[in-house]
Amino acid sequence: MSAYVYAFGEGDRHMAELLGGKGANLAEMTRLGLPVPPGFTVTTGVCRHFLETGAEPPGLDEEIAAALSRLESATGHRLGQPDDPLLVSVRSGARNSMPGMLETVLDIGLTEESVPGLARLTGRPRFARDSYRRLLQMFGSTVMGLDPELFEQALERRKEERGAGRGADRGAAPDARLGADELAALAADFRRIIRSGTGEEFPQDPAEQLRRAIRAVFTSWNGERARVYRRYHHIPDDLGTAVNVQAMVFGNLGPDSGSGVAFTRDPVTGAPGLYGEYLPEAQGEDVVAGVRDALPLSELERLDPAAYARLTECAGLLECRYQDLCDLEFTVERGTLWMLQTRVGKRTAEAAFRIAYDMADEHRITPHDALRRVTGDELARLMFPRFAVEGTARPLARGIAASPGAAVGVAVFDSAEAVRRRAVGERTVLVRRETSAEDLPGLVAADAVVTSHGGKTSHAAVVARGMGKVCVCGADALAVDPVRRRFVLPDGSQVREGTPLSVDGTEGTVHLGTLPLTESPLIRHLESGGGPTGVAVPVGRALAHADRIRRLEVRANADTPEDAARARRFGAQGIGLCRTEHMFLGERRVLIENMVLARDEKERHRALAALLPLQRADFTGILRAMDGLPVTVRLLDPPLHEFLPGRTETAVRIAAAQAGGNAPDPRDLRLSEALDRLVEQNPMLGLRGVRLGLVVPGLFALQTRALAEAMARRLDEGGDPRPEIMVPLVAEAAELRVVREAVERVLAEVSEATGHRLHCPVGTMIELPRAALTADRIAAHADFFSLGTNDLTQTTWGLSRDDAETNVLPAYLDQGLLRASPFETIDPEGVGRLVRTALERGRAARPGLTVGVCGEHGGDPASVHFFHRAGLDYVSCSPFRVPVARLEAGRATILQEPRDTRGDTDGTDGRQEERGESA
């Protein structure tokens, strides 16, 4: 066996790292004795060497020559032989399936001299001329770098001369009305295009054609479309592709020939049975390109029963071998079936769950294997509404797909309008440059939110995901003008308030008009708790299995009784983050203003006293919804200026009054002074979190008292409240010590007043690098840690998440500097190391310390796997991501066990990038 070239019979499906996915699967089919045209594979190592050095490794030419000689012996044809030429295809085959992203060249070996020989050999001059035309077209564009449109235009001109232009029957080939002589003339046209565009002739040496085609496939690894595809699917750039050289078989030799694609089960629904399409008198690229209307695969049974029976036999054998849905490409050449490719097939999310659990019921795979084969990303796609049409018109704008699903509503440009329209039953899309906490009422009222700034972890994105709202962020083509209530597009056109919009949060697109929506039956099932039907059946089985075996608990981030109740219905085992700042918005904001504007302790106490019953009622409702489960309440975190009117807004009111000769409102003057006093250059690192509680007297005591009284009220009602108090942004152990002492004093006071012995664990968020590094000292005063990975990522990377996701990170991802945004998936080498450090040092000082995570990473599939391996006790995420986290926590458990490799294809199916198995 050589170092660089392997005959198909020398490998197997477990060698995808070396042979690429296509080569490994061709080798497997050959070993199984299926009818595979012979050939050989040039390994991925050659591609890596070529990309690094610009040249092929020494000895490669000799190995290819030897492999080609064996191929000639196997077929009885010789490359370049004028009267009996061997023709080969040159196809890419990366380890991970990248359909259409890399290059393919067919009919290598044809020359001016051998075309007549092929015509005599097959008895079909038109076929020979058409094959040469295809070679010139593919070689000219793929290998020689010419614009493919040049060839298409020349073809179109010849068709129009013959009356077979663009209006020709789609059931016929695009050149079907061109005879042999016309195809010969078209080939001459193509050769002139090549000569004019490159300054050289099309090579008439078949060996040169082969050498250059192989090099073109290697070069295509770094093509723009391939790089974009790899970035999207998180495929490493350094894998390289293999090249498969295979004897050609022809589906365009007459009515007894054709090509097709088949699946061993329906890839859309998962239903069992052979499914696919067949195109008589066509080559494989004709099927894929869709230039002709293909027939249902069942038509092959009518046209050629023997070929169909053989295909059914091969499909059954391959599904049995791979223990999974298989995608097959085949050609029938004059009644003989040839298998050209197989791989574990891509499928919809619905099909993934159905196929996995159907196969478990058929005892082909174990329940553990079934759980391995479905992913949290697939589950998320099933949970959100989607547009019921495909191939929609070009969108108005594209942005970041921040929260999946599909929604339709009229454009509104502020929260008040969204609330007003919702009150009369109108659906809305809230369009903003960015959102803040003050926009929460609008976010609640709107069906979708679109921002021109921000990323996947911006305020709009985080809150929208928590509510299950559709969200597109960073749609920078929209110049949002909230004053004139419109946005302007790059071409100058305007979209005004009240205009219907359709927002696709899965694709990150915004469309003009109303596109039809389809509901998610899975959400209906999870919300109602009724008997499962359809896809809810296998999803329910997967979640139940995951719940039985997972070690990680799954809690929810919830701020209202409604969110808490929904989270519980979705399977949350408590609340890992209850953000109290959302309780101070809307009509209550004036009470916070009063506290900030207080001139003495008496006024401050009066303002806080007004907040107490409101917050107590909030806590009571949440504790009732989560009765018997832990509820982690984070004390106030944001800086106070976020609860005040904007400085510009206040200044405008003062200036307007003065311009009119009137005295400004005294409250506006006091607000202006307060805003000047509270302004900070970097609020994220300013007066917030624990610092706020230490600097503003009575604030944390108010919240603690409200929670304690709510706890006592639930005990009076016969409930089982289990609140926990979490102190945010602690950097120094002494900060937590002081706050804890104050919390315990308030708990003791309420205990004495109510007659209940109230116990409430007190812990902290670890969201600063210093906190992680000094976790042993902080643990002396903490009953639990909750890792706030959003801020921990910002402070570790030195990036503002809202800004970075619209400027820095897209550039880094484009340049291949990062495989994923650290705000989406935990960064294991940096932030992940701090997570492990906090965990190890905290538990060393306080054995048995409970440690969880409450950042957005808690619902990210890959991050859940990291947290499982790190040894955390729980993850917490938005209610709509709870089922995803449950599923991935179960998968994380079994993915650490030895795998059943009956269906393992070493990643050749391209589905591994969706599985979240690595962080």
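Modeller: The side chains of N25 and Y322 are joined by a polar contact of 2.6 Å (a pair of N or O atoms within 3.5 Å; within protein, one able to donate a hydrogen and the other to accept it, and residues adjacent in sequence counting only if both atoms are side-chain atoms). This is a predicted model, in which local features need pLDDT of at least 70 and side-chain atom pairs pLDDT 80 or more, while totals for chains, interfaces and linings use all residues. Residues are numbered from 1 along each chain as its sequence is written, and side-chain values use heavy atoms, without hydrogens and water.

The N25 side chain also reaches the backbone oxygen of T342, at 3.0 Å. N25 has a relative accessible area of 1% and is therefore buried (under 20%; exposed is over 50% and partly exposed in between, with a 1.4 Å probe and protein chains only).

N25 belongs to helix α1, which spans residues 16–31 (helices are DSSP runs of H or I of at least four residues, strands runs of E of at least two, numbered from the N terminus). Helix α1 lies across β1, β2, β3 (88–94) and β5, contact meaning heavy atoms within 4.5 Å. The helix runs at about 125° to β3 (axes are lines fitted to C-alpha atoms, for helices over the stretch in contact, with angles from 0 to 180 degrees between N-to-C directions).

Those strands belong to an open sheet of five, ordered β1-β2-β5-β3-β4, with antiparallel pairing (at least two DSSP bridges between two strands). At its edges stand β1 (5–7) and β4 (104–108); each has a single partner strand, so one side of each lacks a neighbour in the sheet. On average, neighbouring strands of this sheet are turned by 20° against each other, direction ignored. Strand β2 (residues 39–42) pairs with β5 (residues 241–247) in the antiparallel sense through four bridges, and T41 faces N244 of β5.

Strand β13 (residues 400–403) runs antiparallel to β17 and is joined to it by three bridges, with I400 opposite C473. Strand β16 (residues 448–451) instead pairs with β17 in the parallel sense, over three bridges, and V450 has V472 as its bridge partner.
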